[in-house]
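Consider how side chains meet in the structure shown here. The account takes ring contacts and then charged pairs.

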Amino acid sequence: SVTSPTDSSTSGSAEHERGALHRLPGMTLITDWPQGSFVENLAAKHDGHLLVTVYSRNEIYEVDPTLSRANRTLLVTLPAGPTGIVELDFNHFYVNVGVIGQRNTWSIYRLSVHHGNPATASFKHVVD
């Protein structure tokens, strides 16, 4: 799950109200993935949206934290699991991609996010 600080203490989900989020005042659930998903990392864009890597699905999503419904857009599906992500140029992010525990599977990819509604992205292998 991805949370955001707010003035509200409700989490928006009965499951999360019983869990850790219920004990965190000022936090609100903004999106979540199915149980068992490995949501690895996130990076904030200049417009306040979040890029979220989901290692277990080899995917990167854009999340709009201002929307309560349909706030997640799949940007890309990569050849392996994405982990670390960082923005080096405006809307150009670099992502570590590979298989945890397996040598010689790791690469860096450049993810270019294109403005639009919904946003789109392209990716390119940079280096092993």
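What follows concerns a predicted model and describes its aromatic and charged side-chain contacts.

A search of the whole structure gives 3 aromatic pairs. One of them joins tryptophan 33 and tyrosine 61 in an edge-to-face arrangement, with 5.6 Å from centre to centre and 70° between the planes. Tryptophan 33 belongs to the loop between strand S2 (27–31) and strand S3 (39–44), while tyrosine 61 belongs to strand S5 (residues 59–63), so the pair ties together parts 28 residues apart in sequence. Both tryptophan 33 and tyrosine 61 are buried.

Arginine 72 is placed against both of these rings. It lies over the face of tryptophan 33, 4.4 Å from the ring centre, and its charged end sits over the ring of tyrosine 61, at 5.4 Å from the centre.

Turning to charged pairs, the structure has 3 salt bridges. Lysine 45 meets glutamate 62 in one of them, at 3.1 Å from N to O. This pair links distant parts of the chain, 17 residues apart: glutamate 62 is in strand S5, and lysine 45 is in the loop between S3 and strand S4 (50–54). Lysine 45 also forms a salt bridge with aspartate 47, the closest N and O atoms being 3.5 Å apart. Aspartate 47, at 47%, counts as partly exposed.

Another salt bridge pairs glutamate 59 with arginine 57, the closest N and O atoms being 3.0 Å apart. Glutamate 59 counts as buried at 8% relative accessibility, whereas arginine 57 is partly exposed, with a relative accessible area of 44%.

Notes
Residues numbered from 1 in each chain as written. Predicted model: local features only at pLDDT ≥ 70, side-chain atom pairs only at ≥ 80, totals over all residues. Heavy atoms only, no water. Phe/Tyr/Trp six-rings, centres within 6.5 Å; stacked < 30°, edge-to-face > 60°. Helix = DSSP H or I, 4+ residues; strand = E, 2+ residues; numbered from the N terminus. Buried < 20%, exposed > 50% of the residue type's maximum accessible area, 1.4 Å probe, protein only. Lys NZ or Arg CZ within 6 Å of the ring centre and 35° of its normal. Salt bridge = Lys/Arg side-chain N within 4 Å of Asp/Glu carboxyl O.
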